[in-house]
Amino acid sequence: MEIDNPNVATGDDADKASYLIELQTQTALASQRAAAMPQKEQCKDGGTIVCCECFEPMNPARLKAIPTASSCVECLEAMGK
Ligand SMILES: [Zn+2]
């Protein structure tokens with residue numbers, strides 16, 4: 001008697017596999033989206049992070065709120081953002 005029935009075995013496993021693949025895909029997409037976020041390289045003058053637009057030193061409070069900020073508030077507003 002055949003104990004292994006490939007159809008039954010793979011049917012169940014295929015469901016689990018596709019579920020796992022879907023989870024992995026969603027996770028990958030999420031991290032891709034995070035990586036695709038506009039993250040301009042910050043500009044530095046010596047050791048000081050400066051605005052990439054006007055090259056004035058960045059407001060420390062702004063950097064604390066948005067550590068990846070590459071432009072000062074004034075320049076962002078001037079750019080219409
Ligand atoms: Zn600026």
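Guide: Helices (H or I, at least four residues) and strands (E, at least two) are DSSP runs, numbered from the N terminus. This is a predicted model, in which local features need pLDDT of at least 70 and side-chain atom pairs count only at pLDDT 80 or more, while totals for chains, interfaces and linings use all residues. Residues are numbered from 1 along each chain as its sequence is written.

Visitor: How many helices and strands does the chain have, and what pattern does the chain follow along the sequence?

Guide: The chain has 3 helices and 2 strands, and reading along the sequence gives the pattern α-β-β-α-α.

Visitor: Why does Ser71 count as buried?

Guide: A residue is buried if 20 or more other C-beta atoms, placed from the backbone, lie within 10 Å of its own, exposed if 12 or fewer, and partly exposed in between. Ser71 counts as buried because it has 21 C-beta neighbours inside 10 Å, and this residue lies in the loop between H2 and helix H3 (73-78). Of the 81 residues of the chain, 6% count as buried.

Visitor: With which residues is Ser71 in contact, leaving aside its neighbours within four places in sequence?

Guide: Two residues are in contact if their C-beta atoms, placed from the backbone, lie within 7 Å. With those neighbours left aside, Ser71 is in contact with Cys51, Cys52, Glu53 and Leu76.

Visitor: Where is Phe55 found, and what is its phi near?

Guide: Most residues other than glycine have a negative phi. Phe55, found in the loop between strand E2 (48-50) and helix H2 (60-65), has a positive phi near 60°. Phe55 counts as exposed because it has 11 C-beta neighbours inside 10 Å.
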